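Trainee: I would like a close look at one part of a model, with the cut-offs spelled out as you go. Here is the model.

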Amino acid sequence: MDSNSSLNQTNSTGIGENDSYHLALLGLFMVIGLAIVSFCTVLSNGLFLLTFYKDPLKCLRTPSAIFIAGLTSAN
């Protein structure tokens, strides 16, 4: 067994540069996607709480709506 074949065997079992690049790219896409989702979540929860606060007809004062508003504010 020569030294070249043993080097090839050790390189094939570890993570190569190409694999680490793809993992970093996947991580970047996940961060961007989760940032977009979290922004949309905060915006929609804020709009719901604003609607609940500015309810002119006071029709959102049912126990179920108050429960949902509490869940939204905790979220």
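Trainee: Which pattern does the chain follow, read along the sequence? After that, please take helix α3 in detail: which of its residues are buried, and what covers them?

Mentor: This is a predicted model, in which local features need pLDDT of at least 70 and side-chain atom pairs count only at pLDDT 80 or more, while totals for chains, interfaces and linings use all residues. Residues are numbered from 1 along each chain as its sequence is written, and side-chain values use heavy atoms, with hydrogens and water left out.

Read along the sequence, the pattern is α-α-α. Of the 75 residues in the chain, 8% are buried (under 20% relative accessible area; exposed is over 50%, partly exposed lies in between, with a 1.4 Å probe and protein chains only). The chain exposes about 6400 Å², and carbon and sulfur atoms supply 70% of that area (Shrake-Rupley method, 1.4 Å probe; for residues, only the protein chains shown count as cover).

Now to α3. Helix α3 covers residues 63-74, which is 12 residues. At 1.5 Å a residue it should span 16 Å (the expected span is 1.5 Å times one less than the number of residues). Its end C-alpha atoms are 17 Å apart, which agrees.

The buried residues in α3 are Ala-65, Ala-69 and Thr-72. They cover an arc of only 60° around the axis, so they sit on the same side of α3 (the arc is that of the directions from the helix axis to the C-beta atoms). The face turned away from this buried side carries Pro-63, Phe-67 and Ala-74, which are exposed. The cover over the buried residues of α3 includes α2, residues 17-53.

Asn-45 lies in α2 and is buried, with a relative accessible area of 17%. Leaving aside neighbours within four places in sequence, Asn-45 is in contact with Thr-72 and Asn-75 (contact means heavy atoms within 4.5 Å). Thr-72 is one of the buried residues of α3.

Ile-66 lies in α3 but is partly exposed, at 45% relative accessible area. Apart from neighbours within four places in sequence, Ile-66 contacts Phe-52, Leu-60 and Arg-61. Phe-52 and Ile-66 are 14 residues apart in sequence, and their C-alpha atoms are 8.7 Å apart in space.

The loop between α2 and α3 takes part as well. Leu-60 is found in this loop and is partly exposed, with a relative accessible area of 24%. Not counting residues up to four places away in sequence, Leu-60 touches Thr-51, Phe-52 and Asp-55, along with Ala-65 and Ile-66. Ala-65, again, is buried in α3. Lys-58 also has its place in the loop between α2 and α3. Its phi is positive, about 55°, although Lys-58 is not a glycine.

Methods:
Helices (H or I, at least four residues) and strands (E, at least two) are DSSP runs, numbered from the N terminus.
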